Amino acid sequence: MNTRHDGIGMTSQRTRGRLIERLRAQGIRDEVVLAAINAVPRHIFVDEALASRAYDDVSLPLGFGQTISPPYTVARMIEIVRDGKPLDRVLEIGTGCGYQAAVLAQVARKVYSVERVKPLYARAAACLNELKVTSVTLRYADGNAGLPEMAPFDGIIMAAAATHVPPALLEQLAVGGRMVLPLGAPEQSLCLIARTAQGYRETRIEPARFVPLMAGKA
Ligand code: SAH
């Protein structure tokens, strides 16, 4: 462990405890998700200058015009995808800083995460490496295409908003699988898409605020 962990160690564990209580108060019920949030030091994923705000329930700037999702959003999306059941293979679109991927790694056997901004991809890789998270595979690519060579996925989480679901992602969702993503512009809703043998069922969950899903790599 390096000094970045040591200096903030105890404080961060206590602060994370308070974060868990806030998430409970905001309605997060899945104990497995709460334990996963409790296990991941969020300050590792944010700029050192912002580390003191790492456990506040706010979006924080990531650079490149992107933001790190607030813990509530991360917890809620994972809770919806999990639906109280263990996850095997999960795909995340929009790695950003890698925080959500690290939390997902606590609840899924294998996580794939795609990011289109190269420096973010590289920074996320360094953070996950620092935390010795080995069950996450990162890809620098346009998430609109999903990750066909690794499909199907029993969970898909998209961390950027689109006006429609990228068709490749629908195809790559396993039968019985669940996808959660923000849909709509300018007003966004967090939506669940559940795939059954009969087809796809879409449910709007709650209002959302995400950065837009972009096309191509940067
Ligand atoms: N999961 C992150 C949230 C990142 S914000 C967290 O833990 O905080 C959304 C991310 O989606 C940004 O990093 C942005 O660059 C990325 N993104 C936007 N469009 C994309 C696309 N087409 N493919 C892959 N990533 C994309």
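Phe 45 is buried, with a relative accessible area of 3%, where buried stands for under 20% relative accessible area, exposed for over 50% and partly exposed for what lies in between (1.4 Å probe, protein chains only). This is a predicted model, in which local features need pLDDT of at least 70 and side-chain atom pairs count only at pLDDT 80 or more, while totals for chains, interfaces and linings use all residues. Residues are numbered from 1 along each chain as its sequence is written, and side-chain values use heavy atoms, with hydrogens and water left out.

**Aromatic pairs**

- A pair of aromatic rings is described by the distance of the centres and the angle of the planes.
- Rings of Phe, Tyr and Trp (its six-membered ring) pair if their centres lie within 6.5 Å, and planes under 30 degrees apart count as stacked, over 60 as edge-to-face and the rest as tilted; by this rule there are three aromatic pairs.
- One of them joins Phe 45 and Tyr 99 in an edge-to-face arrangement, with 5.8 Å from centre to centre and 70° between the planes.
- Because Phe 45 lies in the loop between helix H2 (31-39) and strand E1 (60-63), and Tyr 99 in helix H4 (residues 99-107), this pair ties together parts that are 54 residues apart in sequence; helices (H or I, at least four residues) and strands (E, at least two) are DSSP runs, numbered from the N terminus.
- Tyr 99 is buried, with a relative accessible area of 1%.
- Tyr 112 and Phe 153 also form an edge-to-face pair, at 5.9 Å centre to centre and with 65° between the planes.
- Since Tyr 112 belongs to strand E4 (residues 108-115) and Phe 153 to strand E6 (residues 153-158), the pair ties together parts that are 41 residues apart in sequence; both Tyr 112 and Phe 153 are buried.

**Charges over rings**

- A charge sits over a ring if NZ of Lys or CZ of Arg is within 6 Å of the ring centre and within 35 degrees of the ring normal.
- Arg 42 lies over the face of Tyr 99, at 5.2 Å from the ring centre, and Lys 110 lies over the face of Tyr 112, at 5.3 Å from the ring centre.

**Salt bridges**

- With a salt bridge taken as a side-chain nitrogen of Lys or Arg within 4 Å of a carboxyl oxygen of Asp or Glu, the count comes to eleven.
- Among them is the bridge between Glu 31 and Arg 24 (2.6 Å, N to O), in which Glu 31 is partly exposed at 46% relative accessibility and Arg 24 is partly exposed at 30%.
- Glu 21, Arg 24 and Glu 31 are linked in a network of salt bridges.
- Another salt bridge joins the side chains of Glu 149 and Arg 139 (2.7 Å, N to O), and this pair links distant parts of the chain, with Glu 149 in the loop between strand E5 (136-140) and E6, and Arg 139 in strand E5, ten residues apart.

**Ligand surroundings**

- There are 26 residues around the ligand, and Ser 69, Glu 115, Asp 142, Gly 143 and Met 214 come nearest; a residue is near a molecule if one of its heavy atoms lies within 4 Å of it.
- A polar side-chain atom of Asp 142 lies 2.9 Å from a nitrogen atom of the ligand, and a polar backbone atom of Gly 143 is 2.7 Å from a nitrogen atom of the ligand.

Notes:
A polar contact is a pair of N or O atoms within 3.5 Å; within protein, one must be able to donate a hydrogen and the other to accept it, and residues adjacent in sequence count only if both atoms are side-chain atoms.
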